[in-house]
Amino acid sequence: MSADRPPVATPLPAEEVRLTECPDGPLLVRRARTVIDAEGVTHAVTRPVVALCRCGASQRLPWCDGVHKRLAP
């Protein structure tokens, strides 16, 4: 490689991660490979769509377990 020409990086095609807020429910995340929780822990995503807890009451954080349905509004 020539010293007068800088290296060029070609980015990989970006996967489009999509977020959908469910009213009074979880945040649906599509096409993610990992999720980083509030403590900085990285969780592998093994499904095309995952539901992230927004109420904080789930026993499976960061994943939604449906407990928001039992909480008083």
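Accessible areas come from the Shrake-Rupley method with a 1.4 Å probe, and for residues only the protein chains shown count as cover. On that basis the protein exposes about 6,200 Å², with carbon and sulfur atoms supplying 55% of it. This is a predicted model, in which local features need pLDDT of at least 70 and side-chain atom pairs count only at pLDDT 80 or more, while totals for chains, interfaces and linings use all residues. Residues are numbered from 1 along each chain as its sequence is written, and side-chain values use heavy atoms, leaving out hydrogens and water.

**Strands and sheet**

- The protein has 5 strands and 0 helices (DSSP runs numbered from the N terminus; strands, E, have at least two residues, and helices, H or I, at least four).
- An open antiparallel sheet is formed by 3 strands in the order E1-E2-E5 (two strands pair if DSSP finds at least two bridges between them).
- Strand E1 (18–21) and E5 each have a single partner strand, so one side of each is left without a neighbour in the sheet.
- E1 and E2 are joined by 4 bridges, and Leu19 stands opposite Val29 in E2.

- Buried residues (under 20% relative accessible area, 1.4 Å probe, protein chains only) make up 27% of the 73 residues.
- Not counting residues up to four places away in sequence, Leu27 touches residues including Leu19, Val50 and Leu52 (contact means heavy atoms within 4.5 Å).

Terms used: Buried < 20%, exposed > 50% of the residue type's maximum accessible area, 1.4 Å probe, protein only.
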